[in-house]
Amino acid sequence: KNILNEMYARDISQKIKAAKHQRAKQGKFIGAQAPYGYQKDPSQKNHLIIDPEAAKTVRLIFLLAEQGFGNVAITHELQARRIISPAAYKYQNGTAGYANHTPVKSGNAYQWADSTVGHILNNRIYLGDLYSLKTEVINCKTKQRVRIPQSQQIITPGAHEAIISAEQFEHVQAIRANRQRLADRQRYNLFR
């Protein structure tokens, strides 16, 4: 019986994976939560639409990065402007899964992490591109996830409306890369 049950579970797991691959190839959003700045379309759950309030914050983050602010400086600026963090924003808008995140638990909704800002600045979803199947479960028993190389991910350009322009995104990436090179050079000179 155990062997048959295991075969059944493995078969169901493979069918679910195949269905997810198919939806991803069709350019449909298959994530559980919409990324910050977007929300799921109420009429079509596999499509993202812009969340106007959160999109303002995303645009502000990119604008500050274009002006030369680093992740930590952007974090301080967001806190000074009393803009609530993505976890607190999602919790405030009814997503119960964010109740255990630090800004919600601590009671400080304005507590941003510089890693969150960095993730937003690196995420190509704000260009309207959809990156699907970034991770995969290896074994249905252990539920262990592995990261899939970007070359094997399913990418759908223009799957939803962009929050920022491609020019602004590339400009921010160039500024961030230059900042990193300068920081690396300064660290190197410090130890010489």
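At what angle do helix α2 and helix α3 pack, and how far apart are their axes? In this predicted model, helix α2 covers residues 52–66 and helix α3 covers residues 71–80. The two pack at an angle of about 135°, with their axes 10 Å apart. Angles that are not roughly parallel, roughly antiparallel or roughly perpendicular count as oblique, and α2 and α3 are therefore oblique to each other. The crossing in which α2 passes α3 is right-handed. On the α2 side, the contact is made by Thr-57, Leu-60, Ile-61, Leu-64 and Ala-65, and on the α3 side by Ile-74, Glu-77 and Leu-78. Sorted by class, six residues in this contact are nonpolar, one is polar and one is charged.

The largest nonpolar core has 33 residues, and Phe-62 and Tyr-126 have the most contacts inside it. Two or more residues of this core come from each of β2 (44–50), α2, α3, α4 (86–92), α6 (114–122) and α7 (166–190). The element that gives the most is α2, with eight residues. Beyond its neighbours within four places in sequence, Tyr-126 is in contact with Tyr-36, Tyr-38, Val-58, Phe-62, Ile-120, Ala-162, Ile-163 and Ile-164.

Another place to look is the loop between β5 (145–147) and β6 (154–156), where Ile-148 lies. Is Ile-148 buried or exposed? Its relative accessible area is 13%, so Ile-148 is buried, the cut-off being under 20%. Residues up to four places away in sequence aside, Ile-148 touches Leu-133, Lys-134, Thr-135, Glu-136 and Gln-153. Of these, Glu-136 is twelve residues from Ile-148 in sequence, and their C-alpha atoms are 6.9 Å apart in space.

Definitions and conventions:
Residues are numbered from 1 along each chain as its sequence is written. This is a predicted model: local features need pLDDT of at least 70, side-chain atom pairs count only at pLDDT 80 or more; totals for chains, interfaces and linings use all residues. Side-chain values use heavy atoms; hydrogens and water are left out. Axes are lines fitted to C-alpha atoms, for helices over the stretch in contact, and angles run from 0 to 180 degrees between N-to-C directions. Helices (H or I, at least four residues) and strands (E, at least two) are DSSP runs, numbered from the N terminus. Angles under 35 degrees count as roughly parallel, over 145 as roughly antiparallel, 65 to 115 as roughly perpendicular and the rest as oblique. A crossing is left-handed if the near helix is turned anticlockwise from the far one by less than a right angle, and right-handed if clockwise. Contact means heavy atoms within 4.5 Å. Ala, Val, Leu, Ile, Met, Phe, Trp, Tyr, Cys and Pro count as nonpolar, Asp, Glu, Lys and Arg as charged, and the others, Gly among them, as polar. A nonpolar core is a set of buried Ala, Val, Leu, Ile, Met, Phe, Trp, Tyr and Cys residues joined through side-chain atoms within 4.5 Å. Buried means under 20% relative accessible area, exposed over 50%, partly exposed in between (1.4 Å probe, protein chains only).
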